[in-house]
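Colleague: Could you take me through this one, starting with the ligand and its surroundings?

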Amino acid sequence: MGETLHIIGGGMAGSEAAWQAANMGVSVVIHEMRPKTGTFAHRTGHLAEMVCSNSFRSDDHERNAVGLLHWEMRQAGGLIIDTADSHRLPAGSALAVDRDPFAESVTARLLAHPLVSVTGDEVTGLPSSGHWIVATGPLTSPPLAAAIRAATGADALAFFDAIAPIVYAESVDMSVAWRQSRYDKGETEEERTAYVNCPLDRERYEAFLDALLAAETAAFHSGEESSAPDATPYFDGCLPIEVMAERGRDTLRFGPMKPVGLTNAHRPETKPYAVVQLRRDNALGTLYNIVGFQTKMKYGAQTDVLRMIPGLEAARFARLGGMHRNTFINSPTLLDGAMRLKARPNIRFAGQITGVEGYVESAAMGLLAGRMAAAEILGRGIPPPPPDTAMGALVTHITGGAEAKTFQPMNVNFGLFPPIDAKGGRRGRKDRYKAYTDRAKSAFSQWVAEQG
Ligand SMILES: Cc1cc2nc3c(=O)[nH]c(=O)nc-3n(C[C@H](O)[C@H](O)[C@H](O)COP(=O)(O)OP(=O)(O)OC[C@H]3O[C@@H](n4cnc5c(N)ncnc54)[C@H](O)[C@@H]3O)c2cc1C
């Protein structure tokens with residue numbers, strides 16, 4: 001028997017990583033602290049416990065990016081997706097599962113695997129030798145989080161996400177918005193036009209503010225705030241917009257919506273009363289985040305309020321804003337393309353702690369990390385999946401495509417994929433999504449086939 005792969009955390013990512021590595025012939029030890037040491041959200045000692053919703057979201061693999069991720073995980077013999085399929089509940093086009101039997105079944109299948117063992121210990125430090133995957137998720141235990149922080153630097157590990165909404169660039173109305181950096185700053189034309197600006201006159205600003213102040217907000221889960229080593233989710237510069245708005249009717253106009261240093265390219269003679277700025281969120285330029293607009297508004301209210309902004313009336317959102325307890329590292333600076341910590345390559349990271357968001361995305365990153373770690377132990381290499389697959393787009397985003405300075409967790413979405421049909425005529429959105437998934441399926445099948 002060769003070297004052992006150790007996996008810290010037996011959640012969505014850790015369970016999937018263990019399955020993949022063991023099926024490649026590598027012996028695996030999962031170190032899972034539950035039930036001895038719990039978290040505020042988990043209830044059981046089962047592996048792969050779903051902490052909140054029982055949904056793996058859309059199962060439409062032809063026109064939905066998360067459905068495509070399901071498809072790819074099925075192709076790659078994924079444990080999480082296969083067990084979810086076996087415990088499926090009626091939920092229209094979504095993949096909802098019977099949560100307890102699902103987690104019990106994942107646990108039983110792993111325990112029955114001759115190459116997998118599970119220990120009930122909490123790991124409190126980062127091991128300096130051996131092959132390890134850290135898959136401890138959004139509620140990584142405090143001692144291990146402190147050890148990761150010591151190894152990566154305080155700025156590289158966050159305890160809360162503060163997500164500003166992200167808009168598909170193509171859905172912004174550029175007959176209203178214009179490209180310009182404040183005071184035209186920048187060495188190159190690209191830098192001088194790095195932001196997309198949406199202007200508001202006084203009337204629109206006041207109406208926007210009223211709607212914002214009236215919008216319903218989501219509460220923190222019980223235990224969410226007190227479980228973080230940094231107990232306050234609202235650190236400087238990251239206040240939700242609705243909290244800023246409560247401080248005075250001009251607070252936003254002097255904060256993230258300040259109009260200074262910007263000239264409306266469509267109406268240069270009219271000085272905007274306020275401006276909402278959008279900043280590029282990925283190297284492809286397909287996604288833009290709304291600068292400084294982290295929010296706890298409920299999703300329905302959020303889209304209604306944001307679409308009041310001129311230029312965003314028909315905006316489509318790759319993800320909506322939110323603030324949650326969430327431990328995650330700055331993957332774009334810390335990880336290499338094979339998900340290894342650059343400074344300590346014997347350690348890989350997988351799952352939500354890498355800055356992906358959701359059960360499915362976390363399991364998918366576990367699948368990749370498990371395969372990559374096992375291949376390394378077996379003396380083979382595995383290239384990352386091509387960036388035009390869902391798994392490839394996600395791993396490319398977190399390990400390099402995303403903006404490191406503003407890195408926040410991300411769901412899989414078509415905005416992460418290299419654009420398709422850039423020059424062709426205007427295809428319907430549904431056809432375009434089908435073109436994305438057709439391209440991805442062919443590339444992913446080839447990637448799986450190459451691994452034998
Ligand atoms: C309150 C809350 C609600 C959420 N709701 C949803 C939702 O509705 N839908 C959704 O898709 N996603 C949701 N998420 C995100 C979801 O938790 C993740 O997407 C998914 O579970 C992440 O998978 P993971 O394997 O990275 O982490 P997890 O599934 O959390 O697994 C990590 C495992 O590591 C263990 N662990 C932690 N520290 C240590 C240690 N030091 N030593 C040993 N073991 C350790 C934990 O006990 C846990 O079992 C929610 C998260 C939270 C916190």
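Colleague: How many residues surround the ligand, and which are the closest?

Modeller: The ligand is surrounded by 35 residues, the closest being Gly9, Gly11, Cys52, Gly137 and Gly351, where a residue is near a molecule if its C-beta atom, placed from the backbone, lies within 6 Å of it. Bear in mind that this is a predicted model, in which local features need pLDDT of at least 70 and side-chain atom pairs count only at pLDDT 80 or more, while totals for chains, interfaces and linings use all residues. Residues are numbered from 1 along each chain as its sequence is written.

Colleague: Which helix gives the most to that shell?

Modeller: That is α1, with 3 residues, and both α1 (12-23) and α11 (359-377) supply at least two residues each; helices (H or I, at least four residues) and strands (E, at least two) are DSSP runs, numbered from the N terminus.

Colleague: Switching topic, is strand β12 buried or exposed?

Modeller: Strand β12 (residues 274-280) is largely enclosed by the rest of the structure, because 5 of its 7 residues are buried, meaning that 20 or more other C-beta atoms, placed from the backbone, lie within 10 Å of the residue's own.

Colleague: And which strands join β12?

Modeller: Strand β11 (residues 195-200) runs antiparallel to β12 and is joined to it by 6 bridges, with Leu200 opposite Ala274; strands pair if DSSP finds at least two bridges between them. On β13 (residues 287-290), the pairing with β12 is also antiparallel, over 3 bridges, and Ile290 stands opposite Leu278.

Colleague: What about the hairpin of β12 and β13?

Modeller: It has 6 residues between the strands, and Gly285 takes a positive phi near 75° there.

Definitions and conventions
Buried ≥ 20, exposed ≤ 12 C-beta atoms within 10 Å, placed from the backbone.
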